[in-house]
Amino acid sequence: MYIHKEDHMCDNPNSPAHLSTTTPSLVHLPLPLPCSLCHSHKQTYRQKHESYHSHNAPTNARESLMMNEANGSRVSLDADHTLIDMRREEELVNQWFTAAELSDIQPVKLTWRNLNVSLIPDRGEVHKILDDLTGYAEPGRLLAIMGPSGSGKSTLLDAFAGRLANSTVQTGDIYFNGHKGKASLGTSAYVRQEDTLLGTLTVRETILYSAWLRLPDDISNSMKRNIAEKTMREMGLHHCADEAIGNWHMRGVSGGEKRRVSIALELLVRPHLIYLDEPTSGLDSASAFFVMCKLKKLAMCGHTVLASIHQPSSEIFELLDDLLLLAKGKTVYFGAASGAQKCFSTAGFPCPALRNPSDHFLRAINSDFDTAKATLKEENLNPVDDPLNNINASEVIAILEDAYQNSEVASEANGKVEEMIQQKGKVLELRENRASFLTQLRVLTSRSFINMSRDIGYYWMRVVVYFAVALCLGTIYLNVGTTYESISARASCMFFAGAFLTFMSIGGFPSFTEDMKVFHHERLNGHYGVAIFILANTLSSLPFLILIAILSSAVAYNMAGLHPGLDRFVYFASCLLASLMVVESLMKAIASVIPDFLMGIILGAGIQGMFMLVCGFFRLLRNLPKPVWRYPMSYISFHTYTIQGMFQNDFLGLDFQNQNPNLPRIQGEFILTHTYGVDLGRSKTLNLVVLFGMVIAYSLLFFAMIKARDNVSWKALLRKLRNLRQKIK
Ligand SMILES: Nc1ncnc2c1ncn2[C@@H]1O[C@H](COP(=O)(O)OP(=O)(O)OP(=O)(O)O)[C@@H](O)[C@H]1O
């Protein structure tokens, strides 16, 4: 076993202050934890962790470690010491979790009153998804939301998390600790129904990167690693820790394992408020039970946990504290899970003996199969003695809804909601103890680079295709020369390199949209911000783009025999690199508006086609129609700067000669100004600077679009447009 220095050594192991203490400060802490583990306390956790190790690491082991570290190698301790240290590390991790679970949480009381969600009316028809819901979720209790498919469970969780689709309208109120409104990003965690993970990473890497990204800097790296390992074990993922998640070209872990990875990622930092949409879907009954036990434990520690759930087993049902039963978007029961059976009995639908209560509830309120019931009965496949067979679920729902609204449970719930709204608690805030900007940038860049290097569709395919196309270009324009004929050949060769080679960059868009999905999910859960994502994505893509630019330029430039000289070659390659970066950032800006990869590719290709038309190659800039095409399009088109820069780089300093020696030699400068209308007032360096400026401009556009999504009420805008359309009609 290899042990890293940081795991076992403090910075100054011989410090008298360290050695004088004999009692470890972090072990044997009674529960609940004293403030020594609380982050508001002056001494940071890392210091404690290190001082603990310095007090306890056996001197010989320490000395041997120091000697070996000095030799620049990682070393293994003898088995006893390793075991002791592993146990201590485990204790520290347990204590960190206990601290996160008990001493550092903001209790969150969530209430909703008369909550309605409907689709934006089309032709006057209103389709209600959620209908007048009132209820609450308390810290310390596990609330399950149950109901048949399509009853509105996900929509309700989306409404709480502020992630309703633009096509819906929400009315009614949601309160967090008595404060009305939308919770700000990152103050709650949301495990959605779909798993949004990077397919190229292994399970261990996924959880570990998330730990590095989010856990505060004052926790040592080894500690973060152990926290990630512990979370992985808790979710029963250790057996597939080194398997990839899986993507389009790689079969990965199973659906149930992916589900558990998604849950593990959110449980890693012990969120104060967590919503889980069908956390047990795709899991076998034992896994489902253990996952729900974990959620129950989290709730018991004072966290607020809401989970929508299908088909809980009777054991899982016993774990639930509160239950919200939805049918067709309406509440048919809300209250203690243990009280639901009584409510159903009172309404005339008692749960038969030996039937799982949750099965009974769902069967009673599922109206999707009303027509199929009769057929089943005729075929003798349905037990005749079940009273539910003789009545349509729609009627059952109406009876249950009525019974619930008139019950004591409902009036108690309503009273409690009013009481909770009056109690103004702390406004939800992001945790202060998070990883710093630089740490997040470093970790995200590294994660993104690994993803790019493992996904063959991201860059590697393009490297091969670029090489092949550059080879074609080089052979077609082989030793192009300096005759009159070579003038248009050179121009075409450079146009192809600057326009068509860069155009191929849209090939990476599908992989980027996958990245974007992960980014959106992680950003909305508050893992990191937009700026970090843009920077990390740009930095991690740089090595690949540089490789593509140098490889393609080396092949095409040298084979075609363009203007000799290293400085000219370097400029050509830099111009190609800058153009590739512009296309990448343009596609990012497009992805911020259109997340679908096919639509994005179509739009990106269209924009680039238009840019090529106005760059001065097909029609001279001075001859372009002035409105729109010359001003502003030719200035917005990045191809204008690429082509003008490349042309200046090649033609300036060359003389062209006809095969007939009696005809005059033509200078490159004359060709630039008269044949291609190049503006020599803007130097080739300035063209390059403009290209890099465009990379920044498109990145800022991406940033602004993502931010605008948060702040602009697109829903209100859409509603106004629809109203306007109806008025016009
Ligand atoms: N943005 C939307 N546009 C159109 N219909 C929607 C939209 N959001 C929700 N719905 C409709 O609202 C109903 C409730 O959807 P929701 O996803 O909340 O159900 P659910 O209870 O979570 O279902 P499941 O258990 O199958 O996931 C469905 O009929 C769905 O088609």
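Two residues count as being in contact here if their C-beta atoms, placed from the backbone, lie within 7 Å. Keep in mind that this is a predicted model, where local features need pLDDT of at least 70, side-chain atom pairs count only at pLDDT 80 or more, and totals for chains, interfaces and linings use all residues. Residues are numbered from 1 along each chain as its sequence is written.

Let's start with the helix pairs. Helices (H or I, at least four residues) and strands (E, at least two) are DSSP runs, numbered from the N terminus. In the contact between α18 and α21, Tyr459, Arg462, Val463, Tyr466, Phe467, Ala470, Leu471, Leu473, Gly474 and Thr475 on the α18 side meet Phe544, Leu547, Ile548, Leu551, Ser552, Val555, Ala556, Met559 and Ala560 on the α21 side. By class, that contact has 15 nonpolar residues, three polar and one charged. The classes work like this: Ala, Val, Leu, Ile, Met, Phe, Trp, Tyr, Cys and Pro are nonpolar, Asp, Glu, Lys and Arg are charged, and the others, Gly among them, are polar.

As for geometry, the axes of α18 (residues 456-476) and α21 (residues 530-560) come within 8 Å and cross at roughly 15 degrees. Axes are lines fitted to C-alpha atoms, for helices over the stretch in contact, and angles run from 0 to 180 degrees between N-to-C directions. The two helices are therefore roughly parallel to each other; angles under 35 degrees get that label, over 145 is roughly antiparallel, 65 to 115 roughly perpendicular, and the rest oblique. Their crossing is right-handed, a term for the near helix being turned clockwise from the far one by less than a right angle, with anticlockwise making it left-handed.

Now follow α22 (residues 566-593), which packs with α19 (residues 484-503) at an angle of about 35 degrees, the axes being 9 Å apart. Ala497, Gly498, Leu501 and Thr502 of α19 make this contact with Cys575, Leu576, Ser579, Leu580 and Val583 of α22. Six of these residues are nonpolar, three are polar and none is charged. The crossing of α19 and α22 is right-handed.

Helix α20 (residues 509-524) also meets α22, with axes that come within 11 Å and cross at roughly 50 degrees. This pair is therefore oblique, and the crossing is again a right-handed one. Phe509, Phe512, Thr513 and Met516 come from α20, while α22 supplies Met587, Lys588 and Ala591.

Stepping back, the protein is split into domain 1 (5-103), domain 2 (111-188 + 271-422) and domain 3 (437-717), with bounds from an automatic or database domain assignment. The C-alpha centres of domain 2 and domain 3 are 52 Å apart. Six residues from domain 2 and five from domain 3 make their contact. On the domain 2 side, two are nonpolar, three polar and one charged.

Next, the ligand. Of the 13 residues around the ligand, Ser149, Lys153, Ser154, Thr155 and Ala165 come nearest; a residue is near a molecule or strand if its C-beta atom, placed from the backbone, lies within 6 Å of it. The shell holds three nonpolar residues, nine polar and one charged. Helix α6 (residues 153-161) gives the largest share of the shell, three residues.

Most residues other than glycine have a negative phi, and most peptide bonds are trans. Yet Asp132, in strand β2 (residues 128-137), has a positive phi near 55 degrees. Tyr631 and Pro632 are joined by a cis peptide bond, with omega about 5 degrees, and Pro632 sits in strand β12 (residues 631-632).
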